[in-house]
Amino acid sequence: MADLGYEARKKAENQRSSGNIDGAIKTLEDYLLTEPRDKPARLLLSNILIYDKRNTDLGLIQLDAILETDPDYDDARKALVTILKRSKKFNDETSAHFDILVRKYPDDSDLIHSYGIFCREQLLDFTKAESAFKKCVELKPNNETYRLSYASLLINDLRMYLDGKAQLEYALELNPNNQKTIKALQRLQKRKYQSNKGPRKGITSLLSK
């Protein structure tokens with residue numbers, strides 16, 4: 001017996017890859033009229049609407065529809081926070097979704113890193129961001145991206161310059177050719193810090209130049 005959901009997704013993906021975005025959307029919408037609870041098909045439709053059609057609102061509606069019928073379908077929840085975390089107006093909703101995900105997947109380093117970025121950039125909660133980034137480097141100590149995120153937070157937000165320097169040095173060991181890390185270390189070393197609190201005010205973002 002043919003798997004109609006698989007066939008619809010396959011056809012839509014082929015249409016998508018050939019540039020026929022409207023055709024891919026129609027294929028999935030037509031199929032979902034007969035099988036509205038097919039979560040993978042609706043998730044694919046959401047993805048195409050958001051990233052190919054640039055219709056974020058309709059894409060979010062599809063994700064909400066999935067979670068209404070199955071609150072445990074975490075692929076949809078992860079897709080949702082990826083979009084919602086971009087805007088402060090969704091902070092409460094995003095926080096609620098992240099709380100669910102982080103509890104369920106405490107060892108998912110990419111998820112924890114995403115949560116840390118959200119806490120830092122949208123909530124301005126540097127304590128939660130530090131906890132998240134610290135957990136990331138504990139889970140995957142050789143991940144350069146996690147080290148740099150942690151270093152940036154320590155240096156630019158928490159003013160913990162020596163700890164930030166240690167993270168930069170570790171990141172440089174992982175990738176000795178990263179010019180961004182090299183320049184950040186050079187700028188930091190010029191200050192001759194004597195403590196974790198740093199000697200003077202007005203320091204600029206060492207990882208943003």
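Helix H8 (residues 126-139) packs against helix H9 (residues 144-156) with the axes 9 Å apart and an angle of about 150°. Axes here are lines fitted to C-alpha atoms, for helices over the stretch in contact, and angles run from 0 to 180 degrees between N-to-C directions. The two helices, H8 and H9, are therefore roughly antiparallel to each other. On the naming: under 35 degrees counts as roughly parallel, over 145 as roughly antiparallel, 65 to 115 as roughly perpendicular, and the rest as oblique. Helices themselves are DSSP runs (H or I, at least four residues), numbered from the N terminus.

A quick word on the model: it is predicted, so local features need pLDDT of at least 70 and side-chain atom pairs count only at pLDDT 80 or more, while totals for chains, interfaces and linings use all residues. Residues are numbered from 1 along each chain as its sequence is written, and side-chain values use heavy atoms, with hydrogens and water left out.

Back to the first pair. H8 passes H9 in a left-handed crossing, that is, the near helix is turned anticlockwise from the far one by less than a right angle. On the H8 side, Phe-126, Ala-129, Glu-130, Phe-133, Lys-134, Cys-136 and Val-137 meet Tyr-146, Arg-147, Ser-149, Tyr-150, Leu-153 and Leu-154 of H9. Contact means heavy atoms within 4.5 Å. By class, this contact has 9 nonpolar, 1 polar and 3 charged residues. Ala, Val, Leu, Ile, Met, Phe, Trp, Tyr, Cys and Pro count as nonpolar, Asp, Glu, Lys and Arg as charged, and the others, Gly among them, as polar.

Arg-120 sits in helix H7 (residues 109-123). Leaving out residues up to four places away in sequence, Arg-120 touches Asp-125, Phe-126, Ala-129, Ser-149, Ser-152, Leu-153, Asn-156 and Asp-157. Arg-120 and Ala-132 are 12 residues apart in sequence and 9.9 Å apart in space, C-alpha to C-alpha.

| Pair | Axis separation | Angle |
|---|---|---|
| H8 and H9 | 9 Å | about 150° |
| H10 and H11 | within 10 Å | roughly 150° |
| H5 and H6 | 10 Å | about 135° |

For helix H10 (residues 161-174) and helix H11 (residues 179-189), the axes cross at roughly 150°. That makes H10 roughly antiparallel to H11. The H10 side of the contact includes Tyr-161, Leu-168 and Leu-172, and the H11 side includes Ile-182, Leu-185 and Leu-188. The residues of this contact of H10 with H11 split into 8 nonpolar, 2 polar and 2 charged.

With helix H5 (residues 74-84) and helix H6 (residues 91-104), the angle is about 135°, and H5 and H6 are therefore oblique to each other. The H5 residues in contact include Asp-74, Arg-77 and Lys-78, while those of H6 include Glu-93, His-97 and Lys-104. The contact of H5 with H6 has 6 nonpolar, 2 polar and 5 charged residues.

A search of the whole structure turns up 1 cavity of 30 Å³ or more; a cavity is a set of points on a 1 Å grid over the protein atoms alone where a 1.4 Å probe fits but cannot get out, and lining residues have an atom within 4 Å of a point. The largest cavity holds about 40 Å³ of space, a volume being the space filled by probe spheres set on the points. Its lining consists of Pro-36, Arg-37, Asp-38, Lys-39, Arg-42, Ala-65, Ile-66 and Thr-69. H4 gives the largest share of that lining, 3 residues. By class, the lining of the largest cavity has 3 nonpolar, 1 polar and 4 charged residues.

Note on methods: On a 1 Å grid over the protein atoms alone, a cavity is a set of points where a 1.4 Å probe fits but cannot get out, and a pocket is an open set with protein on both sides within 12 Å along at least five of seven lines; lining residues have an atom within 4 Å of a point.
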